[in-house]
Amino acid sequence: MSKIRIAVTGLGNMGERLVYTWLPRYAEQAEVVAVCDADGDKRSRAVAETRAREYEAAEYIRMLDEIKPDLVYIAVPPAFHYDAAVAAFERGIAVFCEKPLANSLDEARALLECASESGKLHAVHFSFPQEPAVLQVGKWVKEGKIGEIRELELLLHFPQWPRAWQQNSWISTRHQGGFILEVGVHWIHMIQQIFGEITHVQSHVIYPDDPQQCEQEVKAMLTLDNGLRVRLSGHSGQAEQERVSLLVHGEQGDMALENWQQLYWNEAGQEPQSVEPSIPAEDSRLPIFGQVVNLLQGQPGQIYDFYDGYHAQVVLEALRHPSSEGEVDVRPLYIRREQ
């Protein structure tokens, strides 16, 4: 079976992770044949590692036409996802796209329609639901470990945004940055996967005076299709340690996923205790890149597609752009998978 030929556009943190971390694990199944980025040093390093052809950012279309890859990995900033993905689908190329899917709900809907019409594989790089701690939370929910769940709390607290290791030209902008889009997308998607579809959103966002800068604070209430409510509290610029966590309160106890991967559980009235996930390694489908490669080679695999990306975007945009009427029913915005 021939190798999957991959073009990478965007050599930031995620693009480099594919080239230097994931690809070596799947070297017998896939190869990077082209890289595209504005930074010449990053291109040169990737070329030295992969022997791929290099293209400047403005040469993306030429790269697709000349290389004709099987798959494009889109790891550029969100404002460029739409044009990059549409160009690939129009040429019959499969797409593996970073999250969030797009930079607006209109773009996300158009991308989903384009992906569906193309008949090609379309995947969004959602990996959080496959982390061992998250799989453990899902297992506990199914088992009823804390009894009937009463409420969820989602905390997105940052002493500064962007974080010290996360400096770039777009991540602090109102147009395509902010912690709701960049971080909230992981948790919104995870909640949708484990706890149920989000049907209603009520949000209040505080922005700085500078119209170019992203949000400083968000308070929101999300309602799921089973009636469960999620209280969202997010802010930046306060003197505290970063805390990105989900607290789950039940009639018989509580569980918490603190700072992405620290798992806690307690019975009612007891102190929380740290717990190590007991999920077998083979139950996790990480890295998602490997699942994409498997599917393109006709092997079994599980991905999160553009429907997942679009459904997360519905909630993200309702959070970022609150309605003056208060709570919004987002169900009419969802697009169901074709059977």
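## Exercises on sheets and helices

E9 and E10 form a hairpin with 4 residues between them, and Gly 227 in the turn has a positive phi of about 90°. Helices (H or I, at least four residues) and strands (E, at least two) are DSSP runs, numbered from the N terminus. The model is predicted: local features need pLDDT of at least 70, side-chain atom pairs count only at pLDDT 80 or more, and totals for chains, interfaces and linings use all residues. Residues are numbered from 1 along each chain as its sequence is written, and side-chain values use heavy atoms, with hydrogens and water left out.

### Exercise 1

Determine which strands pair with E9, and in which sense.

Solution. Two strands pair if DSSP finds at least two bridges between them.
- Step 1: strand E8 (residues 198–206) runs antiparallel to E9 and is joined to it by 8 bridges. Val 201 of this pair stands opposite Leu 222 in E9, and Ile 206 has Glu 217 in E9 as its bridge partner.
- Step 2: strand E10 (residues 229–236) is joined to E9 by 7 bridges, again with the strands antiparallel. Here Ala 220 has Leu 232 in E10 as its bridge partner.
- Step 3: check burial, where buried means under 20% relative accessible area, exposed over 50%, and partly exposed in between (1.4 Å probe, protein chains only). In E9 (residues 217–224), 6 of the 8 residues are buried, so the strand is largely enclosed by the rest of the structure.

### Exercise 2

Solution. 
- Step 1: follow the E15 end. Strand E15 (residues 328–329) is joined to E8 by 2 bridges and runs antiparallel to it; Val 201 stands opposite Val 328 in E15.
- Step 2: look at E12 and E13. Strand E12 (residues 253–258) and strand E13 (residues 262–267) are antiparallel, with 6 bridges, and Asp 254 stands opposite Asn 266 in E13.
- Step 3: Axes are lines fitted to C-alpha atoms, for helices over the stretch in contact, and angles run from 0 to 180 degrees between N-to-C directions.

### Exercise 3

Describe the parallel sheet.

Solution. 
- Step 1: the order is E3-E2-E1-E4-E5-E6, 6 strands in an open sheet with parallel pairing.
- Step 2: strand E3 (53–55) and E6 are the edge strands, each pairing on one side only.
- Step 3: from one strand to the next the twist averages 20°.
- Step 4: Strand E1 (residues 4–9) and strand E2 (residues 30–36) share 6 bridges in the parallel sense, and the partner of Ile 6 in E2 is Val 32.

### Exercise 4

Classify the crossing of H1 and H2 and list the residues in contact.

Solution. 
- Step 1: the axes of helix H1 (residues 13–25) and helix H2 (residues 40–50) come within 10 Å and cross at roughly 25°.
- Step 2: angles under 35 degrees count as roughly parallel, over 145 as roughly antiparallel, 65 to 115 as roughly perpendicular and the rest as oblique, so H1 is roughly parallel to H2.
- Step 3: contact means heavy atoms within 4.5 Å. H1 contributes Glu 16, Val 19, Tyr 20 and Leu 23, and H2 contributes Lys 42, Arg 45, Ala 46, Glu 49 and Thr 50.

### Exercise 5

Decide how far H4 is enclosed, and by which elements.

Solution. 
- Step 1: in helix H4 (residues 81–90), 7 of the 10 residues are buried, so the helix is largely enclosed by the rest of the structure.
- Step 2: these are His 81, Ala 84, Ala 85, Val 86, Ala 87, Ala 88 and Phe 89.
- Step 3: they pack against helix H3 (60–67), strand E4 (71–74), strand E5 (94–97), helix H5 (105–118), strand E6 (122–124) and helix H9 (306–320).
- Step 4: just after H4, Gly 92 takes a positive phi of about 75°.
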